[in-house]
Amino acid sequence: MSVRWLHISDVHECLREEFHREGMYNAIVEEVRRRLEKPDLVFFTGDLAFAGTASEYELLQRRFLTPLQAALPDGCPIFTVPGNHDVNRKRAGNPRSWMTDIDQQQAFQQVDADGRQKRVDMILPRFESYRAIEKSVGAWGDDWLASEMGAICAVREISGRRLAIVGINTAWLCHDEKDWGHLTAGKTMVEAALKKAHQASPDLTIVLGHHPLAAMMGEEEWSDGERIRMRLEQANAVYLHGHMHRSGTQRAGDSMQSVLAIQAPSGFQGGDSSIWRNGIMWGEANFDTGRLIVEPKRWNDDHREYVFDSDTAASNYRVKGRDAFAYLLPGRLPASEVPFPWPLEPPVESPPEGWQIIDAAQLADLTATRPTAKQMSDWFDGSFPRWEVATAEGVHPRQVVDNLVRWFEAAHHAAPRSLVRLLTGAGGEGKSAALLQTVAALLRGGQSWSCLWRQSSIGELPAEWPKLMPRKDGHAWIVAIDDAENVGRKLPDVLRGLGARTDVHLILAAREADWTLRGLQDGMWHGVADYRRVQIAGLDEMDARRVADGWAAWGDEAMGKLRGQTPERAAKVLLDNARELAANREEGALLGALLITREGEALRERVIRLMTPWQVAEGVGGRLLLDIYAMIAAMHAENQLYLSRTVLAYALECEEVDLEHGPLRTLRREAMVDGGTTYILTRHRKIAEVARDWLVDSGYNVDQWFPFLARAALLDFLKRRPRNSDINSWQWDLTKYFLDSGPSRWPVARAIAKALFTTDPDDPFLLTGYARTLRETEQPGLALALMREHAPNFAGRRDILLEWSVAAGAAGDSGLSIWLAGRSLADDRNEPFKPNNIKLSLAGLGLAFGALAADTGKHKFSVAQAACGRLGMRLGGLDTRTRSYFERYASAAPGAAGIPSSLERDIATLSCSVGEASYEAEPDNSHGLDALIGEPDSYHYKMLTAALSDKNRSRHNDRG
């Protein structure tokens, strides 16, 4: 007699990837329809929504829950519990902020009216929308989150067997990315629900929660994950959960008293991806044989069907002749007819996707096939290293590898704490090869080592480190992680979680720019590990000779254009090239030197050969692969090193995972883009320059991508401001770079500035930036027209008035320039002076008065220029250049005989002269301006007078 269920978790309902998401929901419904043995129960273990909002749950019910209910047998109940994504974090505050208070802890835990009130007041608003969907579709029949018990137990009679279904809330204290180890479902609340279950004398108790039990096992005084685990063991419960986005099982205790935890995969993690594996979990309790059987299913997008996920558990749990795994029901002895061996101890857990455990024997298998000369030549030319090439016969690792091996071997037996070595530097300096070569030397050496290696740069950190790396006498583990910046922040906590173990060491590699961008500091390892940063840069004589010896060992093809040369000669040429690149501060001096030394002019031929097919190869977002590479190469060739995966994916209107496993995988395979998980660069700037030049020579418009990418970066920033730290580079540095590159590149600067402004025309800084770019690229008329059209939208802003004034002066309308600059200095209590307002406006006024005096021959404007000069010199903190301008203005006209100059007299001169100059403005340029900014006769300058007074000068300096 069996009871069957469907276990779903982590669908994260939202508007993202709607096409793929609806397809996956339909696939789950169809799986239920097709299945002959229908479920008796359905369990959702949290993260039904992405942000815990009412609109998400309404969407989920319409396009998934309602169709699912229609496919289920009549009366099939659905039980749900909340997860961390079902928390609306915009409601209430951080629930962990008060858990440090013992009285508050106890109040939160109580299963009485006071405990209920505490949770209702402090936490429950965050679950308001979740409670509504649970009431609509759930089978609990009680608003248990708002109950005195804070947990729930429902009893069901199915096929003659009594089941107790217990719901607990592991997400009470969820708040941020540091949730792990800082959570609790509330031991007292869990105990109360289990007590109610026990009173029903069930044949099986199933507990539903979202997080693994380990997530509640922390170092806080109130951490009670271990006690909750013990209560589940004592209740002989099966614990169903999700959160980790993959299938899995774990057991604790012995067969008579244990908690069997079944982890469901993510119902929807991503669409059309070989990495994000969507799945569901079928379960069955067979009371006749005393076994619990699980059928983990993962979605195969190639075949468009759910298939058996064989990676869920060790093969010795596999049911013979069936795509399923079996375990003893908690509290049951193994039946004599069990058709497969039961392990005395749980097997070592398999590493998660993207990771591999390698020992000496497995390394021998990985390197058993001798690489071809062509494969070696490709690696010497900069392709990404693989085990078989980086450790091939004849390859001589650099000195840094020797040092690393010595450090780790010395720590094998006698390390007081774990060793952590970070290989860092620019791209193309050999970090990845050094990492593999260090690990290989340890595995092949005289000591006993195993390696936990991250194969994929996006592989998530394992949840159960101790189970992956069991202790063995005389044995040590080396954890090898390339592109380590995307997990670096969590690694110190991993070592802390391993406790006193000193047999686990880390070797990491990361581009220095990526590591720094993530805000990772050396101090985070203090008190945790023996940490050292190992900088890899450039080449010396010994390393150059080692590299050249490796070339020579693989024959003429590997020697490239140095064919026939001795290793000594090849090493000298390589070293000279590396030193020249280093002297020019070129990033990736080693790879650059390799390319120049081995290929020279042949590099262009290789790049052309690789890029030619991309002219018809589809990428993503409707763009050809050639277009995508052109974007990457264009930025790198100009040494603009801030094109991120986020920005490129946004520009291509695709998800980052689609970018990573589509175009970037192809480009990386051809060694045309570098690793790193933040910025996207070509393998080396030399390759970028060659690619750019060939595209330009072929008539391809490379420059089109600079404004295209800048616009995407700005849109991405406007959408999610905290996540784009490079926005200043896109908004200002890129335009300035092309401004400074000379007249031939000015059209690109204008195109970028225009793209930015038209993307966000409400940003006054983008308006002034575009106008300034037009002026500085000798198009002042367009700058003036731009300001005339758009500046009225920002009427009164002093910086807008000043830029408008400068544009007018550059276009030859000095009268208009003076009028606008005068208004930028006039009283306006809604616009206080900001840094440099006064200095820049007075400098502009002085220049415009001088130009108008020359044009009209009117001495009064020279007098006004002199007044501007004297006023400007009242400002403190002037640099030498600016002071010289003001001194020159002050000498434009002598003061009236016998009448000393004063602040008030100079302000009066300025005020009168602004009005006089306004009559000299070109009518076409100034039409309607008086209605917008007022007549000059109405301007007053009390704020300016106060700012320049002797009393305020020292305080203001040039803040005016």
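These legends describe close-up views of one predicted model.

**Figure 1. The whole protein chain.**
The model is predicted. The protein chain holds 40 helices and 19 strands. Its C-alpha trace spans about 120 × 85 × 55 Å along the principal axes. Of the 960 residues, 56% are buried. Take the contacts between residues at least 6 apart in sequence: 73% of them join residues at least 24 apart.

**Figure 2. Strands 17 and 18, side by side.**
Strand 17 covers residues 475–481, and strand 18 covers residues 504–511. The two run parallel. Five bridges join them. Look for V479: opposite it, in strand 18, stands L506.

**Figure 3. H475 and its surroundings.**
H475 lies in strand 17. Its relative accessible area is 8%; buried means under 20%, so H475 is buried. The side chain of H475 makes a polar contact with the side chain of S448, at 2.6 Å. Another polar contact, at 3.0 Å, links the side chain of H475 to the side chain of S450. Leaving out residues up to four places away in sequence, H475 touches H412, S448, W449, S450 and D503. H475 and D503 are 28 residues apart along the chain, and 7.1 Å separates their C-alpha atoms.

**Figure 4. D179 in a loop.**
D179 sits in the loop between strand 5 (161–167) and helix 6 (187–199). With a relative accessibility of 8%, D179 counts as buried. A polar atom of the D179 side chain lies 2.9 Å from the backbone nitrogen of H175. Beyond residues up to four places away in sequence, D179 touches N84, R89, R96, L173, C174 and A215.

**Figure 5. S147 in another loop.**
The loop that holds S147 runs between helix 5 (128–137) and strand 4 (152–158). S147 counts as buried, at 14% relative accessibility. Not counting residues up to four places away in sequence, S147 touches R116, R119 and D142. From S147 to A113 the distance is 8.4 Å, C-alpha to C-alpha, and the two are 34 residues apart in sequence.

**Figure 6. The largest nonpolar core.**
In soluble globular proteins, nonpolar side chains tend to be buried together. The largest nonpolar core here has 114 residues. Those with the most contacts inside this core are M611, Y629, L648 and W730. Helix 21 (residues 625–637) gives the largest share, 11 residues.

**Figure 7. L648 and its contacts.**
Set aside the neighbours within four places in sequence. L648 is then in contact with I628, M631, I632, L643, L659, I680 and L709.

**Figure 8. Helix 31 and what covers it.**
Helix 31 has 13 residues (residues 798–810). At 1.5 Å a residue, these should span 18 Å. The end C-alpha atoms are 18 Å apart, which agrees. Buried residues in helix 31 are R798, I800, L801, L802, E803, W804, S805, A807 and A808. Their cover includes helix 29 (764–776), helix 30 (780–790), helix 32 (814–825), helix 33 (837–856), helix 38 (929–933) and helix 39 (942–948). Just after helix 31 comes G812, with a positive phi of about 95 degrees.

Conventions:
Residues are numbered from 1 along each chain as its sequence is written. This is a predicted model: local features need pLDDT of at least 70, side-chain atom pairs count only at pLDDT 80 or more; totals for chains, interfaces and linings use all residues. Side-chain values use heavy atoms; hydrogens and water are left out. Helices (H or I, at least four residues) and strands (E, at least two) are DSSP runs, numbered from the N terminus. The expected span of a helix is 1.5 Å times one less than its number of residues. Buried means under 20% relative accessible area, exposed over 50%, partly exposed in between (1.4 Å probe, protein chains only). Contact means heavy atoms within 4.5 Å. A nonpolar core is a set of buried Ala, Val, Leu, Ile, Met, Phe, Trp, Tyr and Cys residues joined through side-chain atoms within 4.5 Å. Two strands pair if DSSP finds at least two bridges between them. A polar contact is a pair of N or O atoms within 3.5 Å; within protein, one must be able to donate a hydrogen and the other to accept it, and residues adjacent in sequence count only if both atoms are side-chain atoms.
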